[in-house]
Amino acid sequence: MNHPTREDLVAHLYGELPPEQQTELAAHLRECADCQKVATAWRGTMAELDTWQLPVLPARPKSTPAFFAPFVRWAAAACLAAGLGFLGGRFSAPAPDAVALRAALAPELSKISAAMDAKLAEDRRAVTEILRTMQTQRTEDYASLRRALETLALNTEDSLETAQQQIVQLATFTEPAQR
Amino acid sequence: MTDEQAMWRVQSHDDPEAFAEIVRRWEGPIRNLCQRMTADLHRAEDLAQETFARLFARRREWQPTAKLSTYLWRIAINLCHDENRRRTRHGEVPLETGEDGESPALITVFHPTPHDELETEERAEQVRAALLRVSEPFRTVLVLRHYEGLKFREIAEVLHVPEGTVKSRMVEGLTQLTRLLQPTLNDSAATVPSSEPATWQNRSQPKARP
């Protein structure tokens, strides 16, 4: 086998070669003093790297993420700054010229007001017309009903009179004498 | 809930609970990475916080099809690079290995102690100091592969470079580190051969990113 590239050698030391290539390179290292020397030196360096261990800090509780707190503080600070800025601007800004503003807006406001009044009057007329129509209809209905009732009463009176006569005739009926 | 599901909730609903869960899961690994990259615990704490602040600020840029871990590692690595550049400009850290490949002598900030029980700490301090002197692109790969356990393929995704480039940087990083730690290693084991096998000749050395 040819000498492996140094990239393959480092991949071999970190176990990142495919299994077959890994085996092949390991076999080469057993036979090649030059490659073995480099691999040994690098393994020594890797072992030295392992001596620098960082202290394991205790895990923080889930409810108090350490790095999130600053964001909350920043957000609060931003809100405070924005609020102060708004209040500062509110109180430090010059008061608007109300008279000039009113004069500038007056024509437009008058137009809007006139248009609204016209619309209201139109609506009022329409409603009045509807009410008047309803009143007329009701009067007509009333008169018609009255006529019907009077007719009914007359008819009823005639019938009663006829019945009364028949009753009287019946009461005064005398059976004729038998011959 | 997976990392990606949590991040989707953060992205679409600004869900504070989901974001807190992401922070809780990843604050340790991200802080460790920053500490390995800067060799400074306090700066690492700040950088880790900054990483999550950026994650939240850039939550709309995250693609739901991408792994959250890759996105997080990338943000943290970029922040560490910026921090190391800033410190180098201000002379706060020793110079890295020169571009000509010559490694400056290892300067340990550790004061030797006669106590045997501190020998491991002594070696760890030498490793920390040596690692800080490895050029940053190589150190990044070393840290992500050796300490954080990312595969070469995953590192390639984080760094947006081909996998072969990652392996080349790992080779170079290990070589630089071996040279820097040479006095502390066993002579016979640590010596990198001066004459490499034939197939190793003429291999272009990976260049560090500016």
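Start by selecting helix α4 of chain B, residues 68-89: its 22 residues should span 32 Å at 1.5 Å a residue, and the end C-alpha atoms are 32 Å apart, so the two values agree. The expected span is 1.5 Å times one less than the number of residues. Helices here are DSSP runs of H or I with at least four residues, strands are runs of E with at least two, and both are numbered from the N terminus.

You are looking at a predicted model, in which local features need pLDDT of at least 70, side-chain atom pairs count only at pLDDT 80 or more, and totals for chains, interfaces and linings use all residues. Residues are numbered from 1 along each chain as its sequence is written, chains are lettered from A and ligands numbered from 1 in the order written, and side-chain values use heavy atoms, without hydrogens and water.

Now show the whole of chain B. It has 9 helices and 0 strands. Of its 210 residues, 50% are buried, meaning under 20% relative accessible area with a 1.4 Å probe and protein chains only; exposed is over 50%, and partly exposed lies in between.

Move to chain A and select I112(A), which sits in helix α5, residues 98-171.
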